[in-house]
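Welcome, and thank you for taking a look at this model. Please have the viewer open as you read, and follow the residues along as they come up.

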Amino acid sequence: MANVVVVGAQWGDEGKGKIVDWLSERADVIARFQGGHNAGHTLVIDGQVYKLHALPSGVVRGGKLSVIGNGVVLDPWHLVKEIETIRGQGVEITPETLMIAENTPLILPFHGELDRARESQTSVAKIGTTGRGIGPAYEDKVGRRVIRVADLADGATLELRVDRALIHHNALRAGLGLEAIDRDALLAQLREIAPEILQYAAPVWKVMNEKRKAGKRILFEGAQGALLDIDFGTYPFVTSSNVIAGQAATGTGIGPGSIDFVLGIVKAYTTRVGEGPFPTELHDADGQRLGERGHEFGTTTGRKRRCGWFDACLVRQTCATSGVNGIALTKLDVLDGFDTLKICVGYELDGVRLDYLPTATDQQERCVPVYEEMPGWSESTEGARSWADLPANAIKYVRRVEELIECPVALLSTSPEREDTILVTDPFAD
């Protein structure tokens, strides 16, 4: 059976939640492999809206195993609240339907405090983080002082892990003018939350490989977007983890040879939340229109998203770094009614033409987009479920996108409703 990785191919907010939900109906396992609750997915199912942050999108589908892999950093208190919220919407979540890798790093309260303290400093350029402790938790993972899910099961080990972390963090906090961490209070919090989390703990690497050998279909769900990747994104305005498809293997403990199809989620225009370069950003009526029609506000923070024309150079780049086999083009309906549409086909940097975004931040900031114009369409594409339902100019736009990014469209989404999807290539096909 085919195993599919879903990754965002822009700066996140491409509509991954709907596509993952749409695909999860035929998957047996849905696994999160990176990020934390800084990312948000909104699902609309039969008019019911679900907002997920830490939980895999598959939890709203009965009979599926949802997995939080070791590549994720997990805020245990947030997870418990999110489970309660989703249960309140009638979704059953049990240790039989949700599994957390035993080696998953935990986000602790002081991680968020450190994140916000750093971001509030005016002497250093802001990164634009959500302030939820994601970055500091990943730092502790690499620094070998993080507390992991398995540590909650043994009191002596937990105390050792806490003491190691506090040596580092109390020194940092002193430099930032923050009070020292109350060790006993922190341990009490962890002991209280431990039973809530440990009931879902499991050797995910082992379970995932057993599922693969048994012929089960696995859907790997990425968060955020490839342009926020710690290595290949617009550094330093990025997240703290690898977002590209290769992380699906290391973030769950399954071999890369087990990945059969990489689906890149691509919005029909471009958006970004927070700071950082954005070559095609619009500060005019067209940008305002895209934001209003696309309801461009962050699921997690509510922050207004920056909007711009489709950037084929960036998507071609992310399709290459993630090995994308096909894209799911979303929010095509937001472009309805534009007389003229623009697609970025290259950049000019100090008089030199480029077909990729350079690595250096100062060069990224100076890149001027080179546009190709296409006629828009007045007809509505909202709710279209076949090519025959699309205006001719909309089809031309989609085909031109395929040519420019050098990757075919596998799925086309025309509204937030899961059934308003045109299937071109089945990612799960053997």
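Predicted model: local features only at pLDDT ≥ 70, side-chain atom pairs only at ≥ 80, totals over all residues.

A crossing of two helices is called right-handed if the near helix is turned clockwise from the far one by less than a right angle, and left-handed if it is turned anticlockwise.

## Where α3 meets α4

Helix α3 (residues 109-119) and helix α4 (residues 134-142) have axes that come within 7 Å and cross at roughly 115°. The crossing of α3 and α4 is right-handed. From α3, the residues making the contact are F110, H111, L114, D115 and R118, while α4 brings I134, P136, A137, E139 and D140. Sorted by class, this contact of α3 with α4 has five nonpolar, one polar and four charged residues.

Which residues of α3 are buried? They are F110, H111, G112, L114, D115, A117 and E119. The buried residues of α3 pack against α4, and also against α5 (155-176) and α6 (183-198).

## The nonpolar cores

The largest nonpolar core has 56 residues, and I327, L332 and Y397 have the most contacts inside it. Helix α12 (residues 392-405) gives this core its largest share, six residues. Do have a look around Y397: leaving out residues up to four places away in sequence, Y397 touches A268, F310, L332, L335, L341, I343, M374 and W377.

A second, separate core has 37 residues, with I45, L79, I86 and I93 among them.

## Aromatic pairs

How many aromatic pairs does the structure hold? There are three, and two of them are set out here.

| Pair | Distance between centres | Angle between planes | Arrangement |
|---|---|---|---|
| W11 and F278 | 5.2 Å | 55° | tilted |
| W309 and F338 | 5.6 Å | 70° | edge-to-face |

W11 sits in the loop between β1 (4-8) and α1 (16-24), and F278 in the loop between β10 (270-272) and α9 (285-293), so this pair ties together parts that are 267 residues apart in sequence. Both W11 and F278 are buried.

For the other pair, W309 lies in the loop between β11 (306-308) and β12 (310-311), and F338 in the loop between β13 (326-330) and β14 (340-349), so the parts tied together are 29 residues apart in sequence. W309 counts as buried because its relative accessibility is 4%, under the 20% cut-off. F338, at 3% relative accessibility, counts as buried too.

Our next stop is V7, which belongs to strand β1. V7 is buried, with a relative accessible area of 1%. Setting aside neighbours within four places in sequence, V7 is in contact with K16, F33, V243, I244, A245, V262, L263, G264, I265 and S322.

Finally, turn to H78 in helix α2 (residues 76-88). Why does H78 count as buried? The relative accessible area of H78 is 18%, and the cut-off for buried is under 20%. Not counting residues up to four places away in sequence, H78 touches H37, H53, A54 and R132.

How values were computed:
Residues numbered from 1 in each chain as written. Heavy atoms only, no water. Axes fitted to C-alpha atoms, helices over the stretch in contact; angles between N-to-C directions. Helix = DSSP H or I, 4+ residues; strand = E, 2+ residues; numbered from the N terminus. Contact = heavy atoms within 4.5 Å. Nonpolar A, V, L, I, M, F, W, Y, C, P; charged D, E, K, R; others polar. Buried < 20%, exposed > 50% of the residue type's maximum accessible area, 1.4 Å probe, protein only. Core = buried A, V, L, I, M, F, W, Y, C linked by side-chain atoms within 4.5 Å. Phe/Tyr/Trp six-rings, centres within 6.5 Å; stacked < 30°, edge-to-face > 60°.
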